[in-house]
Amino acid sequence: MTVAKTAITIKDVAREANVSVATVSRALNGHDNVAEAVRARVLEVANRLRYTPHAAARSLSSRSTQTVGVVLPDLHGEFFSELMRGIDGVASAQRRHLLVSSYHGDPQQQRTVLQAMRGRVDGLLLLSPYAGDASFLLESLPTAIPTVLINTPLADGQHAVFSIDDHAGAMAMTEHLLAQGHRRIAFICGPAQNHDAQERLRGFRDAMAAQRAGSEGIELPGDFDEASGHRAGVALLKRGTLPDAVFAANDMMALGCLYAFAHAGVRVPDQVALAGFDDIPLARFVHPSLTTMQVSIAELGERAMQQLVQQIDDEDASEVHGITLIPSLVVRDSTTARGNS
């Protein structure tokens with residue numbers, strides 16, 4: 001896989017905008033002695049060409065910012081906290097700074113955030129699980145800045161992608177619940193436009209379909225947060241007849257569901273088994289402790305950051321290397337087989 005090397009220069013911007021290089025420099029640096037119409041034209045051309053100011057160009061290592069940009073869809077929740085822990089550990093060891101920003105799941109805001117990173121960072125870590133349109137993401141990524149993608153469904157051969165095999169993990173958890181004798185299994189979904197959520201739902205459906213006779217899958221909406229897990233738990237309670245087990249697409253929703261059950265006096269796992277996904281630190285400390293699919297979230301951030309540092313430091317690198325982490329089943333008290341509690 002070959003990494004594109006050609007960078008847009010300030011001369012390209014000047015030629016396209018039909019102004020001098022000095023004018024481009026003044027316009028981009030906010031100097032007052034530039035007419036607003038000229039400034040607007042220069043900024044439009046720079047954005048369209050995805051021009052990267054020299055301060056961030058890796059060919060000028062002596063002017064390196066020693067800063068890495070981290071662009072996430074959100075900053076709330078233990079998943080992002082653990083991811084940042086892994087990223088920050090490598091950054092600290094490498095004496096690099098982090099510039100962290102969130103785009104709140106809004107693709108247009110993501111584009112704005114990525115543009116704002118230009119000239120400020122030597123490289124980018126981007127988590128974009130909402131990138132359903134790969135062409136939109138490619139148009140948003142700055143050129144000539146090393147970029148590593150995390151949990152982002154883009155396989156263009158130009159960017160290293162570090163991800164989780166969500167489909168395999170969800171199948172493994174569903175198969176565990178089926179093996180425990182549970183046949184009516186409710187699945188609390190994640191956000192509809194989230195790639196991880198889609199893959200976990202697909203894994204659940206595939207495992208249930210393979211069981212065929214005597215099994216029933218119940219799907220409820222969720223949003224990867226405690227509140228939506230609680231709403232799903234309340235909805236299940238209102239049905240009157242509980243399922244044998246509940247599998248939430250992440251731990252935060254599982255914990256919200258657990259709270260709803262506890263508040264209603266429903267015993268887990270005696271009356272209903274409960275499982276999550278991610279193995280956030282809190283999962284082992286609730287009562288009962290939560291069965292989950294273990295994803296080394298901190299390791300995901302750590303390895304992605306290591307790859308990015310390598311790309312920043314090695315100007316001659318011609319290949320990018322990503323990984324897919326396979327989640328592992330962690331069985332705890334919340335899915336103890338009936339008759340074994």
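This is a predicted model: local features need pLDDT of at least 70, side-chain atom pairs count only at pLDDT 80 or more; totals for chains, interfaces and linings use all residues.

Colleague: Fine. How are two packed helices described?

Modeller: By the angle between their axes and the distance between the axes.

Colleague: So at what angle do α1 and α2 pack?

Modeller: Helix α1, residues 10-17, packs against α2 at about 100°, and the axes are 8 Å apart. That angle makes α1 roughly perpendicular to α2.

Colleague: Which residues meet there, α1 against α2?

Modeller: From α1 they are I10, K11, V13 and A14. On the α2 side they are V21, V24 and S25. Sorted by type, the residues of this contact are five nonpolar, one polar and one charged.

Colleague: And α2 with α3, what is the angle there?

Modeller: About 90°, with the axes 9 Å apart. Helix α2 covers residues 21-28 and helix α3 covers 36-49. Again the word is roughly perpendicular, this time for α2 relative to α3.

Colleague: Which residues of α2 and α3 meet?

Modeller: T23, V24, R26, A27 and L28 in α2 meet V38, R39, V42, L43 and A46 in α3. The contact of α2 with α3 has seven nonpolar residues, one polar and two charged.

Colleague: New topic, the sheet. What is the strand order?

Modeller: The order is β2-β1-β3-β4-β5-β11, in an open sheet of six strands with parallel pairing.

Colleague: Which strands stand at the edges?

Modeller: β2 (97-102) and β11 (323-325). Each has a single partner strand, so one side of each is left without a neighbour in the sheet.

Colleague: How much is the twist from one strand to the next?

Modeller: On average, 15°.

Colleague: Give me one pair. How many bridges join β1 and β3?

Modeller: Four, in the parallel sense, between β1 (residues 67-72) and β3 (residues 123-127). As an example of facing residues, V71 stands opposite L126 in β3.

Colleague: Last one, N151. Where is N151?

Modeller: In the loop between β4 (147-150) and β5 (160-164).

Colleague: Is N151 buried or exposed?

Modeller: Buried, because its relative accessibility is 3% and the cut-off for buried is under 20%.

Colleague: What does the N151 side chain make a polar contact with?

Modeller: With the side chain of D196, at 3.1 Å.

Colleague: And what else does N151 touch?

Modeller: Leaving out residues up to four places away in sequence, the residues touched by N151 include F79, L127, S128, P129 and L300. F162, S163 and I164 are also among them.

Note on methods:
Residues are numbered from 1 along each chain as its sequence is written. Side-chain values use heavy atoms; hydrogens and water are left out. Axes are lines fitted to C-alpha atoms, for helices over the stretch in contact, and angles run from 0 to 180 degrees between N-to-C directions. Helices (H or I, at least four residues) and strands (E, at least two) are DSSP runs, numbered from the N terminus. Angles under 35 degrees count as roughly parallel, over 145 as roughly antiparallel, 65 to 115 as roughly perpendicular and the rest as oblique. Contact means heavy atoms within 4.5 Å. Ala, Val, Leu, Ile, Met, Phe, Trp, Tyr, Cys and Pro count as nonpolar, Asp, Glu, Lys and Arg as charged, and the others, Gly among them, as polar. Two strands pair if DSSP finds at least two bridges between them. Buried means under 20% relative accessible area, exposed over 50%, partly exposed in between (1.4 Å probe, protein chains only). A polar contact is a pair of N or O atoms within 3.5 Å; within protein, one must be able to donate a hydrogen and the other to accept it, and residues adjacent in sequence count only if both atoms are side-chain atoms.
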